[in-house]
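Subject: Structure handover

Hello,

The structure you asked about is below, with the sequence. Please open it and keep it in view while you read the notes that follow.

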Amino acid sequence: MIELYNFQRDAADRIAERVLSYLPDPATRGAGAKKRAIPFVQFLSSMTASGKTVILADAVEQIAAQAAIKPAVLWLSKLS
């Protein structure tokens, strides 16, 4: 197991908290039968070698452990 630095732990906790608070009452679009939940989107930007991968991995682990339905995660990287 990788030990996260405090700033990484704080970031992972914040992301997980945001997702878990969104899931019970998501924003919606449409009305009546066409009403649908808007997916949660979270961006993480940080300098190279700051541990973005471990931050996101820890956040996803926290979300999966606490959410009633396991999350689907789309993990993209911006290449420049």
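A residue is called buried when its relative accessible area is under 20%, and exposed when that area is over 50%; anything in between is partly exposed. Please also keep in mind that this is a predicted model.

With that cut-off, the buried residues of helix H2 are Ile55, Asp58, Ala59, Gln62 and Ile63. Seen down the axis of H2, these residues fall within an arc of 135°, so they line one face of the helix. H2 has 15 residues, and its first and last C-alpha atoms are 21 Å apart, close to the 21 Å expected at 1.5 Å a residue.

What do the buried residues of H2 pack against? They pack against H1.

Helix H1

H1 has 17 residues and spans 24 Å from its first C-alpha to its last, close to the 24 Å expected at 1.5 Å a residue. Its buried residues are Gln8, Ala11, Ala12, Ile15, Ala16, Val19 and Tyr22. They cover an arc of only 130° around the axis, which puts them on the same side of H1. The face turned away from that buried side carries Asn6, Glu17 and Ser21, which are exposed. H2 is included in what covers the buried residues of H1.

The nonpolar core

The largest nonpolar core has five residues: Ala11, Ala12, Ile15, Ile55 and Ala59. H1 gives the most, with three residues.

Some contacts between the helices

The contacts listed here leave out residues up to four places away in sequence. Ala12 touches Ile55, Asp58, Ala59 and Gln62.

Is Asp58 buried or exposed? Asp58, which lies in helix H2, has a relative accessible area of 12%, so Asp58 is buried. Asp58 touches Leu4, Arg9, Ala12 and Asp13. Between Asp58 and Val41 there are 17 Å in space, C-alpha to C-alpha, and the two are 17 residues apart in sequence.

Leu20 is found in helix H1. Leu20 is in contact with Ile63, Gln66 and Ala67. The C-alpha atoms of Leu20 and Ala68 are separated by 9.9 Å, although the two residues are 48 residues apart along the chain.

Outside the helices

Ala68 sits in the segment after H2. Its relative accessible area is 84%, so Ala68 is exposed.

Leu23 is placed in the loop between H1 and strand E1 (28-29). Leu23 has 43% relative accessibility, so Leu23 counts as partly exposed. Leu23 and Thr53 are 30 residues apart in sequence and 23 Å apart in space, C-alpha to C-alpha.

Ala49 is in the loop between strand E2 (36-37) and H2. Ala49 is exposed, because its relative accessible area is 78%. The phi angle of Ala49 is near 70°, a positive value in a residue other than glycine.

The largest pocket

How many residues line the largest pocket? The lining has 29 residues, and those nearest the centre of the pocket are Gln42, Phe43, Leu74, Trp75 and Leu76. The pocket holds about 1,100 Å³ of space. H1 and H2 each supply at least two residues of the lining. H2 gives the most to the lining, with six residues.

Regards

Note on methods
Residues numbered from 1 in each chain as written. Predicted model: local features only at pLDDT ≥ 70, side-chain atom pairs only at ≥ 80, totals over all residues. Heavy atoms only, no water. Core = buried A, V, L, I, M, F, W, Y, C linked by side-chain atoms within 4.5 Å. Buried < 20%, exposed > 50% of the residue type's maximum accessible area, 1.4 Å probe, protein only. Helix = DSSP H or I, 4+ residues; strand = E, 2+ residues; numbered from the N terminus. Contact = heavy atoms within 4.5 Å. Expected span 1.5 Å × (residues − 1). Arc of directions from axis to C-beta. 1 Å grid on protein atoms, 1.4 Å probe; cavity = no way out; pocket = protein on both sides within 12 Å on 5 of 7 lines; lining within 4 Å. Points joined across faces, edges and corners; volume = space filled by probe spheres on them.
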